[in-house]
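Please read the following briefing alongside the sequence and the 3D structure.

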Amino acid sequence: MKRQLFLTFILVVFFVTNVFAGGTLRLLTWKGYAPKKLIDKFEKETGIRVEVTYSNNEEMIAKLRATRGGGFDLAQPSQDRISSVQAKYKIYRPMDYSKIKTELFILSMLEAVKKNTLVKGKSYAVPFCWGTSGLIVNKKYAPDAKDYTDLLNPKYKGRISYRLKRPTLIGLAFSLGYNPFELYSNPKEYKALMEKIGQKLIDTKDLVKNYWTNGDSLLQLLRSEEVYVAMGWDGGGWKLHKENPNIDFVAPKSGALGWIDTFAIPAKAKNIDAAYKWINFMLKPENAAYFTNTEGYFTASKDAEKFLKPDVKDNLKRSFSKKDIDNIKWYPPVPAKIESIEAKILDKVKSAR
């Protein structure tokens, strides 16, 4: 009996050792970004065990700072939270793009992430998933609303809503022909631009139904047809479209504002080979589409569309042409001075009568 148990134990050890012959990938990521079905598939294909720790931007930075980039093989920070942190704390290693199957990516997103994570001539990430803010429009009453300037349009007086937050200032700046991101390095010019945008918001304050503060309240305003034109997120617009085909998310003519969550390799990663394998695995069209179908976030995988569920694919096609996707204004890292300028402008708009 003891001999039989010993042989069973040896067989189990042999099996486990061979199943995970590629070692362990320690992944620091957001909840939902590593679906169990894909983990199981990856482990079976590669023999690499995946160990997941869920986190967010602030916690990722704190964990990696505490270990000087140790403890994990792959992390998934937002692209605008990498370069400033890397310049100060050196918690990531430069991305070796020769190990990335770049043909899998939407090129404009890959180039945006390379640019926005550049530190001393080296880039530190590749894109994984993305989302945007733009306009949510009731096309029954506002069929011609196409850009952020429609938030200032007297035609929709009393039927407009937006947040008094930085995306509103930035979106309006783009729609009025400026590029606010190019002024981040010049606080004096950025302040002058924001004062100009802020004054336009003050001058048109009587057009606004209200300044929404949470997503649920915005959706209710649009459902009840109290608001026809609003600034909001793509997911909210698509949710309302299911309920009322007249309401939908519209990518503004001057460009939706986009966030990208990425893959970045910590400075003291041990299983770097596994990290690159996971990146390429997750960007394979069929795997990327499974992630999008399951979690609702759009993927940076170029050819995932043909594997998307019909309703998910329809959302993307209705709101974004290829031109619209290439025109998305991806948030770059924000210098501290810029945020303080914006906060003062927004306070001024809020208190104006």
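The points below take up helix packing and then salt bridges.

This is a predicted model, in which local features need pLDDT of at least 70 and side-chain atom pairs count only at pLDDT 80 or more, while totals for chains, interfaces and linings use all residues. Residues are numbered from 1 along each chain as its sequence is written, and side-chain values use heavy atoms, with hydrogens and water left out.

**Packing of H6 and H7**

- Helix H6 (residues 166-175) packs with helix H7 (residues 187-203) at an angle of about 95°, and their axes are 10 Å apart; helices are DSSP runs of H or I with at least four residues, numbered from the N terminus.
- That angle makes H6 roughly perpendicular to H7, a term for angles of 65 to 115 degrees, where axes are lines fitted to C-alpha atoms over the stretch in contact and angles run from 0 to 180 degrees between N-to-C directions.
- The contact (heavy atoms within 4.5 Å) involves Leu-169, Ile-170, Leu-172 and Ala-173 on H6, and Tyr-190, Leu-193, Met-194, Ile-197 and Leu-201 on H7.
- Sorted by class, the contact of H6 with H7 has nine nonpolar residues, no polar and no charged ones; Ala, Val, Leu, Ile, Met, Phe, Trp, Tyr, Cys and Pro count as nonpolar, Asp, Glu, Lys and Arg as charged, and the others, Gly among them, as polar.

**Salt bridges within a helix**

- The count comes to 17 salt bridges, each being a side-chain nitrogen of Lys or Arg within 4 Å of a carboxyl oxygen of Asp or Glu.
- Lys-36 and Asp-40 form one of them, at 2.8 Å from N to O, and the two are four residues apart in helix H2 (residues 36-46), so that about one helical turn separates them.
- Lys-36 is exposed, with a relative accessible area of 60%, whereas Asp-40, at 36%, is partly exposed; exposed means over 50%, buried under 20% and partly exposed in between, with a 1.4 Å probe and protein chains only.
- In helix H13 (residues 322-326), Asp-326 and Lys-322 lie four residues apart, about one turn of the helix, and their closest N and O atoms are 2.8 Å apart in a salt bridge.
- Asp-326 is partly exposed at 41% relative accessible area, and Lys-322 counts as exposed at 63%.

**Salt bridges across the chain**

- Arg-166 and Glu-342 form a salt bridge in which the closest N and O atoms are 2.7 Å apart.
- Because Arg-166 lies in helix H6 and Glu-342 in helix H14 (residues 336-351), this pair ties together parts that are 176 residues apart in sequence.
- Arg-166 and Glu-342 are both buried.

**A network**

- Asp-248, Asp-314 and Arg-318 are linked in a network of salt bridges.

Methods
Angles under 35 degrees count as roughly parallel, over 145 as roughly antiparallel, 65 to 115 as roughly perpendicular and the rest as oblique.
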